[in-house]
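Reader: I am new to this structure. Could you show me how to read its features?

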Amino acid sequence: MLFVCDNCLKKRMMLNNNPKHNFLFFFLLFTSFSLAQNRVSGRIVDEKNNKELTKVDIFINNSKIPALTTTSGSFVIQSDSLISTLKFSRKSYTPETLDVTPETSENILVQLSQAQVSNIQEIVINTGKTKYKSKKENPAYAIMQKVWARKRNNGLEKFDTYSYKEYEKTQFDLNNLDSTFMKKKIFKKLDFIFDYADSTASGRLGLPIFINEAVYENYGKNKPEKDSKRTLVAQKTSGFQDNQVITVSAKNLYREINIYDNTLNYFDIGFQSPVGSDGFSTYDYSLVDTIAIHGEKAFHIRYQPKRKDILAFQGNLYIDTDTYAVIGATLKSTQKINVNFVNSVSTQLEYDNPDETTFLPKKLVTEFEISPFSKKKGSKSIIAKRSVDYSNYEFNKPIDPTVFKRKEEEYEDDFVKKDDAYWTKARPDTLSKSEQGVYNMLDQLQQTPKFNHMVKLFETLGSRHYNAFKGVDIGPIFSIYGRNEVEGDRIRLGARSYFGLNDTWRVQFYTAYGFKDQQIKYGVDARYMFNKLNRFMIGAGTSRDIAQLGGQLTSGDGMTGPQSTSTFFARGENNSLSSVNQTRVFAAIEPWKNVQFRVDGVMQSIKSANLELFNLMYYKDGNLRKTVNDSHVTFSIIAKPGAKFSQTGIDRYQAKNLAPTIVLRYTRGIEGLFNADFNYDKLQFMLSKPFLIGTIGKTIVNFEAGKNFNTVPLALQNIIPANLSYGLVPNTFSQLNYYEFVADSYVTLNLEHHFNGKILSYIPLIKKLKLREIAFIRGAYGSLSDESKAINVEGFKYSAPNEHIYFEYGFGIENIGIGNLRIFRVDFNWRGNYLDRPDISKFGIKAGFQVGF
């Protein structure tokens, strides 16, 4: 992390009187002066008149991007890495480069001499903002046109084979600490952590709380077919070696970006790129001057958004004067950034350009300031910083084909058993004192009971289970109480085996009791995974419970978690509940990464939970029956290309990103097997995918289609899913009643677009609320045969949307809240047709919490 301060000295937090801490302090102090100098201070003056100079660009160790542009004659620079050289550059002055040693790192006097007119190689356009009659008069526009005309692609795509090394460092710091905060009761017996605090670039106190280092070897080929492999060869995490949820969650805050793309993905939200071909619609550009970077001349272009309240950046571009390639760039969000929990975003990019058409990433540094409540300057926040260094590029060299074969997943003991000598060699820069200290601090924290109690509380809230004792969790804690029309008040208690995040087996059960029907329900299942490479697993379970059938079309693969039957706040009463006794076995395997093949065998009996409220009776061979006996086998292919997971155990945490979910499912009912009543065939397909649509927002698409090829009773039919509650339930129809549409064959489409405040930001006063608008439309079409109606006693009640497509539409307002805590959403829904039906709802309001950026 790079700390810069202009015309000020750093205030540092001293260690307490603990002898061990004093020893650590003096040891680190000694090594910092004897082995490296990463803090330099001094003054910059004109050589002739000794006047202090401002607006001087200071570069560290031949960096292409200035670390500091001074606003006074004095400067202080602090870097994580050893500072060996400093270069000082100012327009109309000859650049000066100085070597830095421990003896010459403080109070440097830098004298710059004015350049002779004949030697000036800078084209000074204007350091201020100039208004032009048209963008074509702006000299920066002519430069950017050539950048767009020579748009480069990632150079890895042009070589037959390639390989390179990647060093990644992710760090979280508590920022803007003060004495009042440090004296809070929550830190009692934990106050030693502040011994590791240090001053930041803003002059406030910062405390490192998490650091993760990783080294990857990347291999790829483009011929004869494309393939790539990213292997984690080393990983070091402060205090959380076993908690990969924290590690992967930290890494998944970040997305890989290409500065040449029109839209840059941050938090799965689209930001306009300043190098994109339509950048002039968003940004004002000004050509500042030309500067020398590694001996090559580059245009320095400053840009800023035309409007401050949109998702855009401000910063600098450095473009080669000969090739018009982007050598470096800085991107910083505006103060009015409208992203939940995020106060600011900044990115620094450096590229190598091997030829006229390609680029290679060299260094990427992205920093987020995250605050759960307030966007005010100086508020308590977390600085989340990720830096990636790319090196050791090799091209068109033979690569052993076995490299591309699947191996064990990344998170194994071998990856965390590298010694200090390895990391000293692997790091491109040395760790700062604060970064070194965070490893010690987290190890010390884990020996503190109070800290472990706090960790346990957060783990309970996150996992919804309470770890009662070793190997046993109680929960889910939020499902203990429920209510519905059949059971009345309902109590549910459950438990599961749990030894760690990477458990290869799991046993879980629950029992529930309804005070109105006075019936005991239960569920139990067990699963075991044989191989982490292809995730081959088997499982079995049985349950007896009340369920709401038809809550979703392409049903999930859960074992002991029936669909929710609670209806605290809903329009009308939910009487259409079923009593389901089910036994299930399954086997699953991933022959390719993120592609699962799964087989389920199910034996079940289904009947109405209360015949007076809901009738599931049907005719079979001329006989009236109230219970459906069903035995079927389901074959599923579930693909999630690009999905990222945090664990290798039987349960995995999937990080949110733009990865799609694709499901293809075939079900075969087998008459006579365990007294099953029907032979039938069912085919289903589902695609769910979020798309970034430039800078106008994100569209979430959910498409489903399916067909029953045989006549089956209502309990086995496809029910177009309804949502009668006043809460938000994705991929359901808000204005439908339960079982209003039943279909042998069906197609549904749910489109939801999030504008990210693009429209409301134009409305005076309203835009200050930072609300975001959503638009959505849902549609369903299907058919139901006369035979399928006739088999049910009350089949005349049921129909499919076959006259025309049933649709709903509406809009929503999200990002409702205060400060950075904006997690409330309200939707306004209208029913589009089939308005002549009795007991329908033409308009409805849904509301709920929606946690996200």
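Reader: Is Arg 386 buried or exposed?

Author: This is a predicted model. Buried means under 20% relative accessible area. Arg 386 has 5%, so it counts as buried.

Reader: Which residue forms a salt bridge with Arg 386?

Author: Side chains of opposite charge can pair when their charged atoms come close. Here the partner is Glu 256, with the closest N and O atoms 2.9 Å apart. Glu 256 is exposed, at 52%.

Reader: What does Asp 389 pair with?

Author: Asp 389 forms a salt bridge with Lys 363, at 3.0 Å between the closest N and O atoms. This pair joins strand β22 to strand β21 (residues 358-370). Asp 389 is buried, at 15%. Lys 363 is partly exposed, at 23%.

Reader: How many salt bridges does the structure hold?

Author: The count is 34. Some residues link up in a network: Glu 487, Arg 490, Asp 517, Lys 521 and Asp 545.

Reader: Now the strands. In what order do β3, β4, β6 and β7 form a sheet?

Author: Strands of a sheet pair through backbone hydrogen bonds, either parallel or antiparallel. In this open sheet the order is β4-β3-β6-β7, with antiparallel pairing. β4 (68-69) and β7 (96-99) each have a single partner strand, so one side of each lacks a neighbour in the sheet.

Reader: How many bridges join β3 and β4?

Author: Strand β3 (residues 57-60) pairs with β4 over 2 bridges. Asp 57 has Thr 69 in β4 as its bridge partner.

Definitions and conventions:
Residues numbered from 1 in each chain as written. Predicted model: local features only at pLDDT ≥ 70, side-chain atom pairs only at ≥ 80, totals over all residues. Heavy atoms only, no water. Pairing = 2+ DSSP bridges. Helix = DSSP H or I, 4+ residues; strand = E, 2+ residues; numbered from the N terminus. Salt bridge = Lys/Arg side-chain N within 4 Å of Asp/Glu carboxyl O. Buried < 20%, exposed > 50% of the residue type's maximum accessible area, 1.4 Å probe, protein only.
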